[in-house]
Amino acid sequence: MGYHISGTQIRERKLEEHWRRLFTASSIFSTVASCFLIGASITLYTDGKYQQYFNSTQHPLVYLLFFVSWFGALAGFLGVCIVTIHSYKLFYAMNIMLALVTTAKIAGVCFALVYRVKTLQGVTSQIEEHMANYSSSVQVKWDLDNLQSSDKCCGATTPLDWSNDTLLQGSWNTSHLPDSCCMVIVPGCGENKANATVLGNLTQAVHKQGCYEVLKEWFDFRILVIGSIAGATTVGEAVMVAISTRWIRFIELYW
């Protein structure tokens, strides 16, 4: 007499296959998204653009992001291994890994919020310090000219910062703007333009936006991109846990 498979068993097997596929997809998604985070952390570590204007180092945040991403990728890889080699014991390792990753990400979000506020507080003073050293340092002059010309900004918060003799400590002719503040740069284009009345009449001659806003937007965009990828991986990991708790009841029956 042959072995008979009931209709209930057939439905159970189909459900097991369904949850297994969902678990596999969420594991692959978590692994790939975590790899993107690893790439983002490496990019942050190696990208030195505008770093001279940020007096609070970003490395602690980058280190946390890097290691959390590795653990997230490993948890996703364990999920794939569970499906591939049918190892029930790997569930425990994966769930512990996901718990650690989730905890670290929550801590990372709190750290990032504090880090953002603390970092942006010092940006204006860093720009002003560069302005004070504009005439005495070739490197500072090159950095500030590059920032103002390429990002279409002028001064720390306004072009009028260049007319602030207290800020510039007598190192600059406060009736002039650097030529890099001009929309069309020609030698001497910034002369006699660091005046509120003159600036008010100049509609397209010089950049009106302060460089603080440019740096703030650049910094916030990086935080947003990282947060979006981290959020996506967290969703993927949460789905992995939700599916695994649903799927695990089939494992002892069919493995």
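Trp162 is buried, at 0% relative accessibility (buried means under 20% relative accessible area with a 1.4 Å probe, protein chains only). Keep in mind that this is a predicted model, where local features need pLDDT of at least 70, side-chain atom pairs count only at pLDDT 80 or more, and totals for chains, interfaces and linings use all residues. Residues are numbered from 1 along each chain as its sequence is written, and side-chain values use heavy atoms, leaving out hydrogens and water.

**Aromatic pairs**
- There are six aromatic pairs in the structure (ring centres within 6.5 Å, using the six-membered ring for Trp; planes under 30 degrees apart are stacked, over 60 edge-to-face, the rest tilted).
- One of them joins Tyr134 and Trp162 edge-to-face, at 5.2 Å centre to centre and 70° between the planes.
- That pair ties together distant parts of the chain, 28 residues apart: Tyr134 is in the loop between H4 (123–132) and H5 (138–150), Trp162 in the loop between H5 and H6 (165–168) (helices are DSSP runs of H or I, at least four residues, numbered from the N terminus).
- Tyr134 is buried too, with a relative accessible area of 4%.
- Tyr134 also pairs edge-to-face with Trp172, with centres 5.3 Å apart and planes at 90°.

**Nonpolar cores**
- Trp162 is among the residues with the most contacts inside the largest nonpolar core, which has 30 residues (buried Ala, Val, Leu, Ile, Met, Phe, Trp, Tyr and Cys joined through side-chain atoms within 4.5 Å).
- H8 (211–254) gives the most to this core, with six residues.
- Another core, of 15 residues, lies apart from it and includes Leu78 and Ile243.

Technical notes. Helix = DSSP H or I, 4+ residues; strand = E, 2+ residues; numbered from the N terminus. Buried < 20%, exposed > 50% of the residue type's maximum accessible area, 1.4 Å probe, protein only.
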